[in-house]
Amino acid sequence: MSTKISFQNVNKTFDIAGQTSFAALKGLNLDIEDGEFITVVGPSGCGKSTAMNIAAGLIAPSSGQVLVDNVSVKGPGPERGVIFQQYALFPWLTVRQNVEFGLKVAGHAKAERRRIADHFIGLVGLSDFADSLPKTLSGGMKQRCAIARAYAVNPKILLMDEPFGALDALTRVQLQDQLLATWSKERRTVMFITHDVDEAVYLASRVVVMAARPGRLHRIIPVDLPYPRTEEMRLSREFSTLRNEVWRSVYHPAAA
Ligand SMILES: Nc1ncnc2c1ncn2[C@@H]1O[C@H](COP(=O)(O)OP(=O)(O)OP(=O)(O)O)[C@@H](O)[C@H]1O
Ligand SMILES: [Mg+2]
């Protein structure tokens, strides 16, 4: 397997009031293999979004670099689809127009755009709202629209920042299974941030645990459960052992 995304000694400091600098991310080294699904967990403020935004090319590291396919990231690119922690939709476009946006940029013809967009809008359960504007949708619906938009352009890499956080439990489980199904079919590389320890274990082949002050890598916990993952696995002893291990590493990092 080859490395798809490589964090190489990535540091990020933010200046507070122009004086003290704050280490949001310190010395992050992490290789994500081509076709791998990793989840990232850690306490609030440990630099998860910062790390992802650097890989997305949206913020520059203070030092170090992120390589994607061995090339240093200098900005966003179409091979990296991003789903933000706060749903970022174009407010003046309808659900369908939002989902079609990236397809338009990629040069797809009108009928093709419509077909692809409607497929993914259906996948996230928004067919009845295709012509609605974002302001008329609930938080969870906006997030599902953002998910459809990212999936539609079929990027090789998905960078997902707590994408299912605003969803009800049932929709969340459905979208987890859909994401795993497309992932295993298309072998995308996924970096998925979550606060939900169950979700982290259910989806990932490795769980990356980060720690705060300074934001850094704490542990990597391999998840040796076979794919496809099933609902029964969630109830298995292996699953609960892993869940407890991740939980301890996040909330009692000194002990684990
Ligand atoms: N633009 C910024 N300016 C100053 N400080 C920032 C900025 N962005 C992030 N930070 C700080 O960097 C640290 C890491 O932030 P980040 O958003 O990466 O955390 P996170 O792990 O994603 O947290 P959460 O789980 O709450 O989303 C935080 O302490 C935050 O206050
Ligand atoms: Mg965050």
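Good morning. The model is a predicted one, in which local features need pLDDT of at least 70 and side-chain atom pairs count only at pLDDT 80 or more, while totals for chains, interfaces and linings use all residues. Residues are numbered from 1 along each chain as its sequence is written, chains are lettered from A and ligands numbered from 1 in the order in which they are written, and side-chain values use heavy atoms, with hydrogens and water left out.

Let me begin with the sheet. Helices (H or I, at least four residues) and strands (E, at least two) are DSSP runs, numbered from the N terminus. Two strands are said to pair if DSSP finds at least two bridges between them. In this model, 6 strands form an open sheet in the order E6-E7-E8-E3-E9-E10, and the pairing is mixed. Which strands stand at the edges? They are E6, residues 80-83, and E10; each has a single partner strand, so one side of each is left without a neighbour in the sheet. From one strand to the next, the twist averages 15 degrees. For such angles, axes are lines fitted to C-alpha atoms, for helices over the stretch in contact, and the angles run from 0 to 180 degrees between N-to-C directions.

Strand E9, residues 206-211, is joined to E10 by 6 bridges, and the two run antiparallel. Within this pair, Ala211 stands opposite Arg216 in E10. Ala212 lies in the loop between E9 and E10. Is Ala212 buried or exposed? Buried means under 20% relative accessible area, exposed over 50%, and partly exposed in between, with a 1.4 Å probe and protein chains only. Ala212 has 19% relative accessibility and therefore counts as buried. Contact means heavy atoms within 4.5 Å. Leaving aside neighbours within four places in sequence, Ala212 is in contact with Pro43, Gly45 and Cys46. Ala212 and Ser44 are 168 residues apart in sequence, yet their C-alpha atoms are 7.8 Å apart in space.

I turn now to the helices. Helix H1, residues 48-56, lies across strands E3, E6, E7, E8 and E9, and runs at about 150 degrees to E7. Helix H4 lies across E6 and E7, running at about 180 degrees to E6. H4 has 14 residues and reaches 20 Å from its first C-alpha to its last, close to the expected 20 Å. That expected span is 1.5 Å times one less than the number of residues. How many residues of H4 are buried? The number is 12 of its 14, and the helix is mostly covered. Among the buried ones are Met141, Cys145, Ile147 and Tyr151. The cover of the buried residues includes E6, H2, H3, E7 and H5. Just after H4, Asn154 takes a positive phi of about 50 degrees.

My last topic is charge. A salt bridge is a side-chain nitrogen of Lys or Arg within 4 Å of a carboxyl oxygen of Asp or Glu. By this rule, the model has 13 salt bridges. One of them joins Arg96 to Asp131, with the closest N and O atoms 2.8 Å apart. Arg96 is in helix H2 and Asp131 is in the loop between helix H3 and helix H4, so the pair ties together parts that are 35 residues apart in sequence. Arg96, at 11% relative accessibility, is buried, whereas Asp131, at 59%, is exposed. Both residues belong to a network of salt bridges that links Arg96, Arg114, Asp118 and Asp131.

A further salt bridge is formed by Glu199 and Arg172, with closest N and O atoms 3.1 Å apart. This pair links distant parts of the chain, namely helix H6 and helix H5, 27 residues apart. Glu199 is buried at 1% relative accessibility, and Arg172 is buried at 15%.

Glu245 and Arg219 also form a salt bridge, at 2.7 Å between the closest N and O atoms. Glu245 is partly exposed at 23%, as is Arg219 at 25%.

Finally, consider Glu33, which lies in strand E2. Glu33 is buried yet has no salt bridge, and Arg206, the nearest side chain of opposite charge, is 5.4 Å away. In this count Lys and Arg are positive and Asp and Glu negative, while His and the chain ends are not counted. Leaving aside neighbours within four places in sequence, the contacts of Glu33 include Met1, Lys4 and Thr189. Thank you.
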